[in-house]
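Hi,

Here is the structure you asked for. Please open it beside this email and follow along.

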Amino acid sequence: MKNSHFSSSSSYSSSMEKVNFRTKVLSRHLNQENPTPINSILQSFPCLSYIPPEFSGPSSVFDTKEMRKLLDDHNLEDKDWLFGLMLKNNLFNPKIRGGKVFVCPDYNQSKEQQREITMRRIEYLLEHGVFKGWLTGNGPEDELRKLAFTDVVSIFDHSLSVKIGVHFFLWGGAIKFFGTQRHHDKWLRDTENYVVKGCFAMTELGHGSNVRGIETVTTYDSSTGEFVINTPCESAQKYWIGGAANHATHTVVFSQLHIDGKNQGVHAFITQIRDENGNICPNIRIADCGHKIGLNGVDNGRIWFDNVRVPRENLLNSVADVSPDGKYLTAIKDPDQRFAAFMAPLTSGRVTIAVSATYSAKIGLATALRYSLTRRAFSVTPNGPEVLILDYPSHQRRLLPLLAKTYAMSFASNYLKKIYVKRTPEMNKVIHVISSAFKATASWHNMRTLQECREACGGQGLKTENRVGQLKGEFDVQSTFEGDNNVLMQQVSKALLGEYVTAKRSKKPFKGLGLEHMNNSCPVVPSQLTSSAMRQSQFQNDIFCLRERDLLERFAAEVSLCQSQGKSKEYAFTLNYQLAEDLGRAFSDRAVLHTFLEAEATVTSGPLKDILGLVRSMYVLVTLEEDVAFLRYGYLSTDNAAAVRKEVANLCSELRPHALSLVSSFGIPDAFLGPIAFNWVEANVWSSEQN
């Protein structure tokens, strides 16, 4: 009873103190005859002051310049030159906040204004030689330079990178890879110089991922030597065609080709849609797709074709051709192989998406982590100082695993670039599978990262100028364009199943797609995991391979069982979609880990190796913690799962002193981040509003 009485008395006393304090404050306010000027009030009390994150705690010992070389991998000087070029011109919307210059698109502009400024920025880059050799160059060096510049453009504005990507990678890429010498001679240089402005008409209202099902129809008129392109129904209208609404003069139309009443499948045709004065061509209708949740600098449009005639030479004929008298000619007799040959060159879109998604995550993390190294909240002792929010274990747990995953995505993206620029026809399948897996994984990771960073920045994360929140809307589309992520992951699993069936039937070892581990004995996970064991690359590789191996065997067994019950292979695959999704993620995670290990193997510096080991361990262990497949299928016991969770927390505290150096190694100039990444107090002073 005494304790209860003491507790209630103490509570009552505390409440009365608060009431008395508020009464005194209100009394002073109401009775004040000569109010003190606002500025005096602000100056008479101690205010929070900004302390740069460099002085907020222990610093890292590794060389951030060397780490940046590892992360950015190629053409660093070219990237820095383009960053500087953007900073020199008012087209890139420079604004001074807190004594620093920041560049960021003005999203307060209307859709029409954003489209116009995007085109003007392209013209500026064209004038300064940025696009030189993008289509007329030859060899991996030219392609890597192009990809480096694409990285920089995407860091500034996703609309700008998509607009450029549609013109060069889709329209230009279609001509380069689907076309032959006659097309190259006529179109490539004019495309590179923007004499021709191209777009890419594949997606329709009724069909997106299922390209085989598109409904646009093209027939051949042998009497005139022309193809006739027609939109037979409303669901066949071309939809979401970037560049079509305002600027494109030409497009590549994907259409079913009917010859003598027989459908020969999907083919591609060059078609003019506007004249040199910007007027829409006869028998073509174009409408705007309207305002979007992001990417409003891209003029997405809809196109209808009313028996539009194009010359026979406008068929992109590297895979198949039609003779002047109307005979269908192709060296690839199998329709499935022919369709695959048409789709293979389009992996460039998935490559650039995986990379740009990774850079977007870097912007979010660099901003949120720098902010968390200067922002304080609450105290952990009575009357003690407020604590840096990154010193809270919960905040570390929110951001540092995502930082580790972003490092892993960087190495995966670099690997993807390398195999893409050195591609051969024999590599088409491998590049398709890996680009599908990495595109889905990176874009999903980016959206999750941006959401967590937005929340970690509190209300400041809502401000467009701080970039994080706006990037969510700008990059959300990546989950579905160039292939819906879920569909891409199923394609990955289907390809793995094909490799499995082939190896078992031929009784030959697995070769390719990183499946060579299937030839070895099944890895064994220790019954009791220690901290030391969990940080070993051998264990990390083993458990990722174990998951992929087991899921592939389970998937093959379930599909085989369904087929034995009379179901088609396609239907059997559809019924086992959950295993297919698990397998796709397992393949991607294992492949990403291998790229991390390969990058790590090139490092000789001790401090760099040490920090990379921590980051890699974080990437692997947080994957083990988050993917329920490890528990569902028994790769981890409940005790080991608990040990993994504890180790993730330990890694967070060990990575905390390196957070600033790790994001500084991204190599993104200060101007391309948000003001809250720096002196957010100075950026919000009253005088800045008056200026």
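Is Cys289 buried or exposed? Cys289 counts as buried, at 14% relative accessibility. Buried means under 20% relative accessible area, exposed means over 50%, and partly exposed lies in between (1.4 Å probe, protein chains only).

Some ground rules first. This is a predicted model, where local features need pLDDT of at least 70, side-chain atom pairs count only at pLDDT 80 or more, and totals for chains, interfaces and linings use all residues. Residues are numbered from 1 along each chain as its sequence is written, and side-chain values use heavy atoms, with hydrogens and water left out.

Cysteines

A disulfide is a covalent bond between the sulfur atoms of two cysteines. Here the test is a pair of cysteine sulfur atoms within 2.5 Å. The count by this rule is 0 disulfides. Cys289 is in none, and its nearest cysteine sulfur, that of Cys199, is 11 Å away. What about Cys453? Its closest cysteine sulfur is in Cys457, 6.5 Å off, which is too far for a bond. Cys453 is buried too, at 0% relative accessibility.

Aromatic rings

A ring pair is described by the distance of the centres and the angle of the planes. Rings of Phe, Tyr and Trp (its six-membered ring) pair if their centres lie within 6.5 Å; planes under 30 degrees apart count as stacked, over 60 as edge-to-face and the rest as tilted. The structure holds 26 aromatic pairs. Take Phe555 and Phe573: the centres are 5.3 Å apart and the planes at 75°, so this pair is edge-to-face. The pair links distant parts of the chain, 18 residues apart: Phe555 is in helix α16 (residues 537-564) and Phe573 in helix α17 (residues 569-575). Helices (H or I, at least four residues) and strands (E, at least two) are DSSP runs, numbered from the N terminus. Both Phe555 and Phe573 are buried. Now Tyr633 and Tyr635: with centres 6.0 Å apart and planes at 35°, their pair is tilted. Tyr635 is buried, with a relative accessible area of 5%. One aromatic cluster is formed by Phe131, Trp134, Phe168, Phe169 and Tyr194.

Charges over rings

A charge sits over a ring if NZ of Lys or CZ of Arg is within 6 Å of the ring centre and within 35 degrees of the ring normal. The charged end of Arg423 sits over the ring of Tyr420, 4.0 Å from its centre. For Arg547, the ring is that of Phe544, with the charged end 5.2 Å from its centre.

Best wishes
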